[in-house]
Protein chains: 4
Amino acid sequence: MKILISNDDGYLAPGLSALADALAPIADITVVAPDSNRSGSSNSLTLDRPLSVFQASNGFYFINGTPSDCVHIALTGIMTEAPDLIVSGINQGQNMGDDTLYSGTVAAATEGYLFGLPAIAFSQVEKGWGELASAARVARDIVERRLEESFSDHFLLNVNIPNLSYAQLKPPVPTRLGKRHQSEAVIKAYDPQGREIYWIGPCGGQKDAGEGTDFHATALGHVSITPLQIDLTHNAQLAGLKKALA
Amino acid sequence: MKILISNDDGYLAPGLSALADALAPIADITVVAPDSNRSGSSNSLTLDRPLSVFQASNGFYFINGTPSDCVHIALTGIMTEAPDLIVSGINQGQNMGDDTLYSGTVAAATEGYLFGLPAIAFSQVEKGWGELASAARVARDIVERRLEESFSDHFLLNVNIPNLSYAQLKPPVPTRLGKRHQSEAVIKAYDPQGREIYWIGPCGGQKDAGEGTDFHATALGHVSITPLQIDLTHNAQLAGLKKALA
Amino acid sequence: MKILISNDDGYLAPGLSALADALAPIADITVVAPDSNRSGSSNSLTLDRPLSVFQASNGFYFINGTPSDCVHIALTGIMTEAPDLIVSGINQGQNMGDDTLYSGTVAAATEGYLFGLPAIAFSQVEKGWGELASAARVARDIVERRLEESFSDHFLLNVNIPNLSYAQLKPPVPTRLGKRHQSEAVIKAYDPQGREIYWIGPCGGQKDAGEGTDFHATALGHVSITPLQIDLTHNAQLAGLKKALA
Amino acid sequence: MKILISNDDGYLAPGLSALADALAPIADITVVAPDSNRSGSSNSLTLDRPLSVFQASNGFYFINGTPSDCVHIALTGIMTEAPDLIVSGINQGQNMGDDTLYSGTVAAATEGYLFGLPAIAFSQVEKGWGELASAARVARDIVERRLEESFSDHFLLNVNIPNLSYAQLKPPVPTRLGKRHQSEAVIKAYDPQGREIYWIGPCGGQKDAGEGTDFHATALGHVSITPLQIDLTHNAQLAGLKKALA
């Protein structure tokens, strides 16, 4: 099995090494990741300048671009054969609910999915890399289950793993994305010259964290697996719009 | 009516001025846009540095950040009262099918939608600003229809306008997003020092451009309006995943 | 006379327009400036990516690069004939003493000087654009004196102008660069996530501001003109080094 | 002896490790370097955003800023006691003649010199890290000679080392900076969308490479050591200017 690995925390992140180490024994891996931390980069693609590909002493490729750039270039410029699977992560911090829209980790997987390939994004629920070995083992378990064989079409899975020891973790459950309340306000501050500056504020609290959501499952200690799709059409509103435009 | 206007082409783009000029007679407008071209920035948020807000001589605010940053800061740091509507654009070039995932124009509108407000993204199908006045008039028409009154919930509309004169344009039709084939390969080149560089390649050709899609409608000269949603959960695959994990 | 104009505050800065407006009646001007504020950029050149040239509606060219990039590209890629003079500014804030090392305004002029052309950098002593019209008139006066005819070789002049009305300003005097005490310490602060951040601190106080220096002249209300050179060899220490290495 | 080490090729560059490894046995070293390659950054300081300090697993600090930022923050925010010496490099490629103006390697040393401390910049004449171990041994030799004791004032030395084995290298000689002809023209190219792009061209050929220059010494296989100063006042032209302004 050939696996392409990327992330959004950059090629030096512990989560990337842990994922690569966990998968190397069971697959032929290629790692292509951003040169630096690109958290919050969403599906951003670099269109106004060319990108460069470098290779670190451990064999990892790194690119001065976004997670989407990395997977795009890996698939069409570095790998001579398409991988069987694309994995992204392990991200430092959760990508649940509406956060998935902003996530570079999910975006890396999404770029692979857009190329018609199965893809899985892995994130730890809490920041700080606590119990990373446990998360890496979970990632390997999920890859080994060959879930792609259960789907008629390719898939895009979003996996969030509580920072618990492997023994304490509860089994993976299928979930839907929860929903958050709107983000908190920007934080105004002043630079040393007295000029006003603005920091993007934290995301909002949980609004829909009911049973069946990723929020709910991970709070109980389960690994949550949410299958994602990328068609943003709002089919329910399409009917209403037809009436309104008639 | 209070309207917040943003875009991803930057605060100096002709499409932004055209949109502001078209809406100023019918609404109290506030313009907050990126300081430079941020095409392809998707929902990217700037989390690793603070942002600055400037004001141009024409009253437009501009920010050294992404489209999502602009709307986020406008809503929680600049405007004292929430707007009734957020509009984004008019973008230079289409945002149809899967492209919407990468679009900063759609992302600006999406950020407003996430704050619980109705939002509309406007794009011209072709680049080059041809027939921009016509597109601006269409934007005003659509805003004046007060479509928000037809929906029980707030909405996120993605409007693509063929570059035709106002007389030649066909009426707006409700559409779903089409689909593209996978992107073309990266383009390898060399810098003057002989180092290999990579340019992200063009997007793929149309795969699903059948009746009902934005591709189809605009090809016939219609203005296409696609209602968007942002829940990426793949409900159809959720059932299959339940079986696979059982 | 053909004059190339650049700056480091960006192509939209009031100081650039004021300088261009003052010189347009007496010369054939070409303006090529950075797309955004590049204060503190020193002689930085962009070597790892290509640059783009844009043109604003007022005819000014702007480039997504540093002041040195702008002059470099103007001289070898935009202007078909070498200019007779390169001017930079009018900068918002002084470039005196050791500050000249960091200054992008001086760097733009230096780049022209390195191409064998006479060059003048203009700065206002105080920030805030106070008495800008007066500074622009001084700049024109100095250009009209055709000082290049007094020098056997080309020159690089560093002009600092007190923010005074034209009537209050005292005549230009030739000066040497003063010296500052070392910079103040970085300013530690915290971002909203509690992570430590560092702001570069303000420059140090005046150490050599004695008679003959730019600090001294401008404090008395004079326009200071310092001829600069770019050979950093420390000739006095060269002898000592010879002994030490013998 | 306490030594602060920085560079402009970034904290992962082989030249930095080689320098640190060579000096660690003879001094108490602190390494603070940019997070990525900042070649050509000159004395640029980051004034419009705060900087972050990270620490790699090998103990090296790295900063998302320029070489000057790194030394500035190291001296006033990281080190509790001033170092006895600041060294920068080993740079990949020469910093001789007028190039020193653009060099981030020399700038890192210059920042230390501006804080009143002795500083040495080391560069290899050719790119590619050939004979790096030899260059590192030379750097250690020079540090061990305690040249600071031969100077009444602190110093700023610019050392260029031919890529030769230690046995083949000729002894260090004191030199002045040579001079180059003006840079070559920008290189115009086109991006895949057909838009014109510009690459900064290579530096010019040697104009003054006569006896006594760094160009001359290194061409003969000597290590060149040029003492630098930072007062840009052109004393010879000051007299002429006095006449012209009289």
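A word of caution to begin. The model is predicted.

Let's start with salt bridges. How many does a search of the whole structure find over all chains? The search turns up 28 salt bridges. I will walk through three of them.

Take chain A. D35(A) and R38(A) join their side chains in a salt bridge, at 3.2 Å from N to O. Are these residues buried or exposed? D35(A) is partly exposed, because its relative accessibility is 25%, and buried would need under 20%. R38(A) is partly exposed as well, with a relative accessibility of 22%.

Now chain B. Here R180(B) pairs with D99(B) in a salt bridge, and the closest N and O atoms are 2.7 Å apart. Where do the two partners sit? R180(B) is in strand 9 of chain B, residues 179-180, while D99(B) is in the loop between strand 5 (85-91) and helix 3 (104-114), so this pair ties together parts 81 residues apart in sequence. R180(B) has a relative accessible area of 12%, so it is buried. D99(B) also counts as buried, at 15%.

Next, chain C. E144(C) and R140(C) form a salt bridge, with 3.6 Å between the closest N and O atoms. Both residues belong to helix 4 of chain C, residues 132-144. They are four residues apart, about one turn of the helix. E144(C) is partly exposed at 41% relative accessibility. R140(C) is partly exposed at 29%.

Stay with helix 4 of chain C. Helix 1 of chain C, residues 14-23, packs against it: the two axes come within 9 Å and cross at roughly 45°. That angle makes helix 1 of chain C oblique to helix 4 of chain C. The crossing is right-handed. Which residues make the contact? From helix 1 of chain C come P14(C), G15(C), A18(C), L19(C), A22(C) and L23(C). From helix 4 of chain C come L132(C), A136(C), A139(C), R140(C) and V143(C). Notice R140(C) in that list. R140(C) is also the salt-bridge partner of E144(C).

Last topic: chains C and D. How can chain D be laid on chain C? A turn of 180° does it, with a shift of 0.0 Å along the axis and an RMSD of 0.0 Å. The two copies are therefore related as by a two-fold rotation axis. What about their interface residues? Of those in chain D, 100% are also interface residues in chain C, so the copies meet through the same surface.

How values were computed
Residues numbered from 1 in each chain as written. Chains lettered and ligands numbered in written order. Predicted model: local features only at pLDDT ≥ 70, side-chain atom pairs only at ≥ 80, totals over all residues. Heavy atoms only, no water. Salt bridge = Lys/Arg side-chain N within 4 Å of Asp/Glu carboxyl O. Buried < 20%, exposed > 50% of the residue type's maximum accessible area, 1.4 Å probe, protein only. Helix = DSSP H or I, 4+ residues; strand = E, 2+ residues; numbered from the N terminus. Least-squares fit on C-alpha atoms with pLDDT ≥ 70 in both. Contact = heavy atoms within 4.5 Å. Axes fitted to C-alpha atoms, helices over the stretch in contact; angles between N-to-C directions. Parallel < 35°, antiparallel > 145°, perpendicular 65-115°, else oblique. Left-handed = near helix turned anticlockwise from the far one by under 90°.
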